[in-house]
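Open the structure in your viewer and keep the selection panel at hand.

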Amino acid sequence: MKKGKEDLPRRDFMKALASSAGLALAGCGQTEPPTYGHLLRMGDLLTYKAHRLLLPEHALAREYDYGDISSVPAIGTTNPADPARSIYSAEHGPVYEKLLADEFADWKLTVEGSVLRPAAFTLAELKRLPSRTQITRHACEEGWSAICQWTGVPLRSILEAVGLQPGARYVQFHAYDDLADGIDMLDALHPQTILAYGMNGRELPLGHGAPLRLRVETQVGYKSMKFLRRIVVTEHFDDNGSQGAIQNGWSWYAGI
Amino acid sequence: MPAGDAAAGDGATPPQSSGHRAWVRLCHWTIVAGFLALAFTGVMILAVHPRLYWGEVGNDLVPALIEFPLSGNSRPADYGPATLFADVPGAPVTATRDYEHDYFFNENGWGRSLHFLAAWVLVATGLAYLLIGASTGHLWRDLLPRLRELSPSALWRDFRNHLKPQGDDSGGGPPYGLLQKLSYSVVVFVALPLMLLTGLTMAPAVTAGYPLLLDLFGGYQSARTIHFFCFVALVLFLLAHVAMVVATGFRRQIRAMTLGN
């Protein structure tokens, strides 16, 4: 997506258009996912709204047996410390390299934003919290699928530990490869939405997002962000700029 | 339109065509636009992972049922070395896709969003068509063949009719020929609903709410494979449909479906 200062007035106009379109579609205001006056984003918003209206809340994605676990490719960023990869952060890549060398002994997940008690969790602290293990199907937007076992802390436990401020509506995830993305509170509080540190009974392998990744079982694969470093709870929708899905041409909601 | 025995009359003068009603014409062209957008983006989406499977699981590290030469994406051999998840032979493996920064075709960003937008258009139009069609009797009167019409000899006769040069006596609109009714009915009542249901089976949020869909089609990848073959059937129908429009007078048929008779 093209960006630049000259686009700003146009983007403000788009936002004004979008909020009126959003109002018409959703009956809400700026706290809704924007459409930027873009036809495809209006379709995405319609799908999101229809899912929230028509689908049962917090229904569990199917869980499988241990014997169903399958082979699974590691795609996208498979090592945030590798500058040769197409997605690499000059700021966070070298930090990740050090953390990786120390087997994530100094790694911390910060949780901040619209929370009552901002906190940072080490891997050991996360592992001491009650865990959830689930064998679920990963569905990639590309069309492939795999069944894997994931072990981690329900995101809900973390959000309860830091305490949500009234008005908290979205949870944003920031990763070491400089990608950022968010989910709404309904998906964030879903019992199967976990911060996973284990995969198939082992430590989460490097290619699959070590040391900690998100699992959102009600959306396609790209929402389950890998290599987490920071979680920010927000009251308003955040498209995360050029780090987010939308400005790279992807739908923010991917339950379909 | 195939000439003749629309009302199973033998050699009798075919009944005068009543033309297409305005709501049928509007639905027809909206569905054409939606279908073309879905077909185009569907091929784009398939090209991102041009392999089909059966069951719940399918990816580059497991064997495919069918592989299409649609893009350079299907290169399982170009993965990094496989790592076993358990120390037993045949255990599931993982491997890293290393050719991503090299060449990887993926236009799914807009492809998927346009696919779903067009699907909304088709679902809305399809529902309107079924509701109006049911309330006006169009579905039963013009579309669904009568059971007693479906004798092998009548079907064979209508098939042979299609091979002859088509006369000018068939109008644009109902009554339709036997095979014509049959093919329209299969598209409206079988292929398009199957397309929608197998499409929804690929949506993680939908199958969380309605896991029955996964059982109905035998899994996520089975649904994807059925979705593809339904697409093939619909494209074959489109080709036959356009061929018959050309054979029975392209200008006249297009006029009948746009301006009415």
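**Stop 1: the pocket**

The second largest pocket holds about 1,200 Å³ of space. A pocket here is an open set of points on a 1 Å grid over the protein atoms alone, where a 1.4 Å probe fits, with protein on both sides within 12 Å along at least five of seven lines. The volume is the space filled by probe spheres set on the points. This is a predicted model: local features need pLDDT of at least 70 and side-chain atom pairs 80 or more, while totals for chains, interfaces and linings use all residues. Residues are numbered from 1 along each chain, and chains are lettered from A in the order written.

Select the lining next: 46 residues with an atom within 4 Å of a point. Nearest the centre are Gly76(A), Thr77(A), Ile87(A), Leu179(A) and Tyr222(A). Now colour by class: 20 nonpolar, 15 polar and 11 charged. Gly counts as polar, Tyr as nonpolar. Which element gives the most to this lining? β1(A) does, with three residues.

**Stop 2: helix α5(A)**

Select residues 155-162 of chain A. Helices are DSSP runs of H or I, at least four residues; strands are runs of E, at least two. Leu155(A), Ile158(A), Leu159(A) and Val162(A) are buried, meaning under 20% relative accessible area with a 1.4 Å probe. They sit on the same side of α5(A), because their arc around the axis is only 95°. Step on to Gly163(A), just after the helix: its phi is positive, about 80°.

**Stop 3**

Notes:
Side-chain values use heavy atoms; hydrogens and water are left out. Buried means under 20% relative accessible area, exposed over 50%, partly exposed in between (1.4 Å probe, protein chains only). The arc is that of the directions from the helix axis to the C-beta atoms.
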